[in-house]
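Subject: A structure for you to look through

Hi there,

Here is the structure I promised to pass on to you. Please open it next to this email and follow along as you read.

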Amino acid sequence: MADELLIFEQTIEALFLRALAGRLKPDCKARLRQAGLDVDQKLKPAYSFQSWMTFLRIATDELYAGIPLEEGAFKLGELYIEGFRETMLGRAVLSLLRVLGPRRALARATQSFRAGNNYTESRLTELAPAQFELWMNEVGALPSFTAGIIHAGLRVAGAQNIRVEPTGHDGHGCTYRISWKEASVSSVVVGSGDSKASKRAGSINSL
């Protein structure tokens, strides 16, 4: 793993400039600015991992104040994929996931997450057909944020009835128990780009 954990500019762009465009209130922007992220100025090429965790906590606190932290972070993770889809890199990565399908998409979790950082390592263990454990080396203090990303990514890859459960979190690494059913071709085509449809699917109940 890299000596200094870095989050790249495109990750910040996907969440804060794309997914959360128009949703950040002035007080939230002020808190982010104080923490080192000015969404109204040109982004830096990279941000420290600890800064990223702070940004995520601020956004979760501000956007999902009425629900438990882990649920809000999960929803934020799902939103990240919606913003990622709007970037050039995101379109390429998510198009590949649709071709690969859920199992192979999970198998390349390291490469997919490394598109936005310099540190992710992962290990996939198959428990049964469409049942896996995915270990990730560093998810910080908000493992449910990464769970939301995984959930939304699997939906793009053609899975349905998805469950993503964080287990064994030690403050750094986390193991996710993951299961799903394969979606029909028509379900994938209709739902792949519909954020409203994904919300109707009740994905937050997967925590």
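Below is what turned up in it, going from the whole chain down to single residues.

Please keep in mind that this is a predicted model. The chain has 207 residues, and 47% of them count as buried. You can pick out 10 helices and six strands. If you take the contacts between residues at least 6 apart in sequence, 64% of them join residues at least 24 apart.

Four strands make up an open sheet in the order 3-4-6-5, and their pairing is antiparallel. Strand 3 and strand 5 (159–167) are the edge strands, each pairing on one side only. On average, neighbouring strands here are turned by 20° against each other, ignoring direction.

Ser122 is found opposite Met136 of strand 4. Helix 8 (residues 143–156) lies across strand 4, strand 5 and strand 6 (174–182), and runs at about 160° to strand 5.

Now the aromatic rings. A pair of such rings is described by the distance of the centres and the angle of the planes. The count is eight aromatic pairs. One of them is Phe49 with Tyr119, an edge-to-face pair with 5.3 Å from centre to centre and 80° between the planes. This pair links distant parts of the chain, since Phe49 belongs to helix 3 (residues 49–63) and Tyr119 to the loop between helix 7 (109–114) and strand 3 (122–128), 70 residues apart. Are these two residues buried or exposed? Phe49 counts as buried because its relative accessibility is 5%, and Tyr119 is buried too, at 3%.

Compare that with Tyr80 and Phe84: their ring centres are 5.6 Å apart and their planes are at 15°, so this pair is stacked. Because they are four residues apart in helix 4 (residues 69–84), about one helical turn separates them. Both Tyr80 and Phe84 are buried. They also belong to one aromatic cluster, together with Phe16, Tyr47, Trp52, Phe55 and Phe145.

One last thing to find: the charged end of Arg123 sits over the ring of Trp135, 4.5 Å from the ring centre.

Happy exploring!

Technical notes: Residues numbered from 1 in each chain as written. Predicted model: local features only at pLDDT ≥ 70, side-chain atom pairs only at ≥ 80, totals over all residues. Heavy atoms only, no water. Helix = DSSP H or I, 4+ residues; strand = E, 2+ residues; numbered from the N terminus. Buried < 20%, exposed > 50% of the residue type's maximum accessible area, 1.4 Å probe, protein only. Contact = heavy atoms within 4.5 Å. Phe/Tyr/Trp six-rings, centres within 6.5 Å; stacked < 30°, edge-to-face > 60°. Lys NZ or Arg CZ within 6 Å of the ring centre and 35° of its normal. Pairing = 2+ DSSP bridges. Axes fitted to C-alpha atoms, helices over the stretch in contact; angles between N-to-C directions.
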